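Subject: Structure handover

Dear colleague,

Please find the structure below, for your review. My notes on it follow.

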Amino acid sequence: MVSQHGILYAVHLITNQFGNLVAKVCECLLRNGALTLQAIVRRTELSPAKVRNCLLVLIQHNCAQAFILEESVSGEDAGEPGKALTQYIALFVNILHRVRFSKFMDVVSKELGGSCGELFRGLLEHGRLTVKQIVDRAGANAKESTNTVQEDLGKLVMAHYVECCPAPEPLVPPPDADTKKRAKSSKVMVEPLTLEQRVMAVAMPSAMRRFSFVPNADQVADDQQNVNQPPSKDVGEKRKLHDLESDTALEEEVECNWRANFEELLRRLRHKTCVDTIKVRFDDAAATVLSAMLEASRAEEDKVKTANSVPLSLNTIYEEVVKNEKNHSMTFDHVRTCLEELSCPPTFVKTDDESYSIDFTKITEAAQSEEIESIVLKRFGETAYKIFRLLFRAGCLMETDKIADRIFAEKKETSKTLFKMWQDGYLLMEVTLTFSSYKLVSAPP
């Protein structure tokens, strides 16, 4: 369930980038969940044409998904088949990804080069494009040949930074009753899938189709014939609301549209954060070993929010380390020593019978803590910084006097700082007849 603050922030992002009308439709979906076109029209009091155009913009930029949900509708005859209704659901996480576009660009440009980065920028700006649209845009901006553009697109697909778009209106069956019974009878807690997860699971193409790109030889021939023709007036420009209706007819003829794969980009950013955190806390050698473990276990990560990597043997880790010429000087014992250091509390690497796995949760918490500590230090000063570290490690309520004693500060200054942090939402306070106690909030602003 999306929080009220999350909805307000998402609507703010959509308003800045697409205007008030699109933001109004997006807010309606975020607050009410999946809705049909008629239901959105009733709630927003906009005309059906305006709502449809707004939905096209949201779908084009991967902020919403259309789907058909099978629902049994009882009719006059008992054997009447179920009625399928087209509904729309907002993709909250994809909306938030829009503020990370600059970081995504950095990842792609540094790994694959500037030409791939420029091609990727077009997908971020326009949401989803056909191969022809990608080639036209790249040719208009940089006068690149079709062969070069298709090679760059192939690199992006091979790196899983670009993927084939999901089905436009997938048929989503209702939750299986047998699955519910098994989950209820099972002793292991099974978290049911949300409607958004069910929709995207059905909509996404198979892995083979999702990351399969074959250069189009016909497109190369057409490019040679039209090399002297001026580019289309729409190439390189933002796609407007009135252009989207004509594009839907084009999409039916094209086998696959392409878009940025946020899942893989987030995984790369998380890996970078883990390596940077270890480099600051330990040294370059430990960061090198962790980077090798991430590279060796990357193929086994089936989702972004993975708690632990797959177990790896010491030999496998060492082989991955020395693949890079810069690391040829690292010995087997050096790698073992680094793993032993990482296995010490707070245990960023777990050990089990000569196999090692990365604890992503611990590293992420450490990185988040350091980030918040720097914010607290800049905003409130050194006393607040000490208070934050103390309460974070304690993880429970502490009296004002105890906090002042532990950080070696005067009680008056400590009380003043605690009250200011509480007012700004960084602390929770519990007042009793004798004293006030404070603890950290679960998610500081």
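Helices (H or I, at least four residues) and strands (E, at least two) are DSSP runs, numbered from the N terminus. Just after α3, E45 takes a positive phi of about 60°. Most residues other than glycine have a negative phi, and most peptide bonds are trans.

This is a predicted model, in which local features need pLDDT of at least 70 and side-chain atom pairs count only at pLDDT 80 or more, while totals for chains, interfaces and linings use all residues. Residues are numbered from 1 along each chain as its sequence is written, and side-chain values use heavy atoms, with hydrogens and water left out.

Overall composition and confidence

The protein has 445 residues, of which 41% count as buried; buried means under 20% relative accessible area, exposed over 50%, and partly exposed in between (1.4 Å probe, protein chains only). It contains 22 helices and 12 strands. Among contacts (heavy atoms within 4.5 Å) between residues at least 6 apart in sequence, 66% join residues at least 24 apart.

The average pLDDT, the predictor's confidence in each residue on a scale from 0 to 100, is 83, and 80% of the residues score at least 70. Two stretches call for separate mention. Over residues 72-80 the pLDDT stays under 50, and the model has 4 contacts for them beyond four places in sequence. Residues 231-242 also have a pLDDT below 50, and this stretch has 19 contacts in the model beyond near neighbours in sequence.

Nonpolar cores

A nonpolar core is a set of buried Ala, Val, Leu, Ile, Met, Phe, Trp, Tyr and Cys residues joined through side-chain atoms within 4.5 Å. The largest one has 31 residues, and F120 and W258 touch the most other members. Two or more residues of this core come from each of α6 (101-112), α7 (114-126), α8 (131-142), α9 (146-158), β4 (162-164), β6 (258-260) and α15 (262-281). A second, separate core of 30 residues includes I7, A39, A66 and Y88.

Helix packing

Two packed helices are described by the angle between their axes and the distance between the axes. Axes here are lines fitted to C-alpha atoms, for helices over the stretch in contact, and angles run from 0 to 180 degrees between N-to-C directions. Angles under 35 degrees count as roughly parallel, over 145 as roughly antiparallel, 65 to 115 as roughly perpendicular and the rest as oblique.

Helices α6 and α7 pack at an angle of about 150°, with their axes 7 Å apart. α6 is therefore roughly antiparallel to α7. On the α6 side, F101, F104, M105, V108, S109 and L112 meet G114, C116, G117, F120, R121 and L124 of α7.

For α15 and helix α19 (residues 360-380), the packing angle is about 70° and the axes are 10 Å apart. α15 is therefore roughly perpendicular to α19. The α15 residues R270, H271, T273, C274, T277, I278 and R281 meet F360, I363, A366, A367 and E370 in α19.

Two buried residues

Helix α3 (residues 37-44) has A39, I40, V41 and T44 as its buried residues. T44 has a relative accessibility of 3%. Leaving aside neighbours within four places in sequence, T44 is in contact with K24, V25, C28 and V51. T44 and E27 are 17 residues apart in sequence, and their C-alpha atoms are 9.5 Å apart in space.

C165 is found in the loop between β4 and β5 (171-172) and is buried, with a relative accessible area of 9%. Its contacts, apart from neighbours within four places in sequence, are R128, P205, C256, N257, W258 and R259. The C-alpha atoms of C165 and A203, 38 residues apart along the chain, are separated by 8.7 Å.

Backbone geometry in the loops

H160, in the loop between α9 and β4, has a positive phi near 65° although it is not a glycine. H160 is partly exposed, at 31% relative accessible area. F408 lies in the loop between α21 (400-406) and α22 (411-423) and has a positive phi of about 55°, again without being a glycine. F408 is exposed, with a relative accessible area of 77%. The peptide bond from P345 to P346 is cis, with omega near 10°; P346 is placed in the loop between α18 (332-343) and β8 (349-351).

Yours sincerely
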